[in-house]
Amino acid sequence: MSDSDRPAPLALEHFRLEIDEDTIAHLIFDMAGSPVNVLSQATIGEIGGVVDWFETADVRGLILRSAKQVFCAGGDLGELGAAYDHIHALPASERHAAARAHFAPMNAHLLRLERCGKPVAAAIAGLALGGGCELTLAAHYRVLVDVPSAVLGLPEVPIGLMPGAGGTQRLPRLIGVEAALPILLDGVNLSSMRALDAGIVDALVAPGAEIEDARAWILARTSARQPWDESGWALADASTWRATLATAHEAMLSRTGGNYPAPIAVFSCLENGLDLPVADGIELEIEAF
């Protein structure tokens with residue numbers, strides 16, 4: 001049976017879910033009616049449905065990729081603003097529950113995705129910013145196309161927001177606190193070799209080679225876990241990274257006068273979450289967001 005003859009496992013509007021000849025599932029982001037992919041309530045809901053399916057599906061693994069030149073540009077800011085207005089129009093006693101109901105599901109989906117035991121690879125052929133970058137961080141393997149337009153980053157804090165899909169917890173666990181701080185706080189974006197050198201991606205390939213690279217990685221293993229989910233894992237050299245955080249926190253407060261809540265919230269997540277299991281750290285991030 002050719003790929004084109006295989007029935008789609010799920011009916012989706014903003015993604016395509018295909019299974020190749022090696023029983024590897026491909027989740028292809030192709031947001032309807034938009035030139036770029038963004039994370040909206042509709043796309044996040046579909047991701048949750050795919051994770052529901054993937055947890056029990058008879059497939060070897062999953063490749064996250066895009067049908068557009070932009071892998072994912074982040075959250076839908078218009079929808080985010082509308083949600084903020086809606087939540088703040090509610091009675092004060094109802095706001096917290098409404099905010100959690102709106103913003104927490106993405107984190108729950110990504111935790112289940114990375115913990116289901118099957119290998120997940122992200123084949124990144126374009127921009128992956130904000131929530132799009134956080135989506136790739138929940139994969140166990142990331143391959144990036146070596147072109148100028150393929151960029152990873154978390155630009156939320158400079159525009160008054162903060163990462164809300166696990167970025168404050170997965171990124172420093174992956175690359176270390178010192179390397180993560182400019183990305184988390186200053187919105188520094190990384191492309192090609194800088195992303196590889198930082199350890200955010202595992203491989204760089206020529207355009208068109210990313211899918212086969214991801215397939216080869218999945219075919220070489222039968223299971224996968226995040227390093228921070230291994231028994232006894234901890235960030236190395238706690239005294240050093242805590243000193244780094246303290247110095248950076250003091251410098252931020254001196255520079256901003258404590259008038260910007262987003263970086264304060266990020267530091268709170270880092271200082272209080274990185275010693276915890278990742279799910280507990282992400283819970284702190286949800287509350288801060």
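Strand E7 (residues 151–153) and strand E8 run antiparallel and are joined by two bridges, where strands are DSSP runs of at least two residues, helices are H or I runs of at least four, and both are numbered from the N terminus. The model is predicted, so local features need pLDDT of at least 70 and side-chain atom pairs count only at pLDDT 80 or more, while totals for chains, interfaces and linings use all residues. Residues are numbered from 1 along each chain as its sequence is written, and side-chain values use heavy atoms, with hydrogens and water left out.

- Five of the five residues of strand E6 (residues 141–145) are buried, so E6 is largely enclosed by the rest of the structure; buried means under 20% relative accessible area, exposed means over 50%, and partly exposed lies in between, with a 1.4 Å probe and protein chains only.
- Both faces of E6 are covered, with Tyr-141, Val-143 and Val-145 buried on one side and Arg-142 and Leu-144 buried on the other.
- Strand E4 (residues 120–124) pairs with E6 in the parallel sense over four bridges, and Ala-123 stands opposite Val-143 of E6.
- E6 also runs parallel to strand E9 (residues 203–205), to which three bridges join it, and here Val-143 stands opposite Ala-203 of E9.

**Packing of H1 against H4**

- Helix H1 (residues 41–56) and helix H4 (residues 105–115) pack at an angle of about 25° with their axes 9 Å apart, the axes being lines fitted to C-alpha atoms over the stretch in contact and the angles running from 0 to 180 degrees between N-to-C directions.
- H1 and H4 are therefore roughly parallel to each other, a class that takes angles under 35 degrees, with those over 145 roughly antiparallel, 65 to 115 roughly perpendicular and the rest oblique.
- The contact, meaning heavy atoms within 4.5 Å, is made by residues including Ile-44, Ile-47 and Val-51 of H1 and Met-106, His-109 and Leu-113 of H4.

**Thr-247**

- Thr-247 lies in helix H10 (residues 238–256) and is exposed, with a relative accessible area of 54%.

Methods. Two strands pair if DSSP finds at least two bridges between them.
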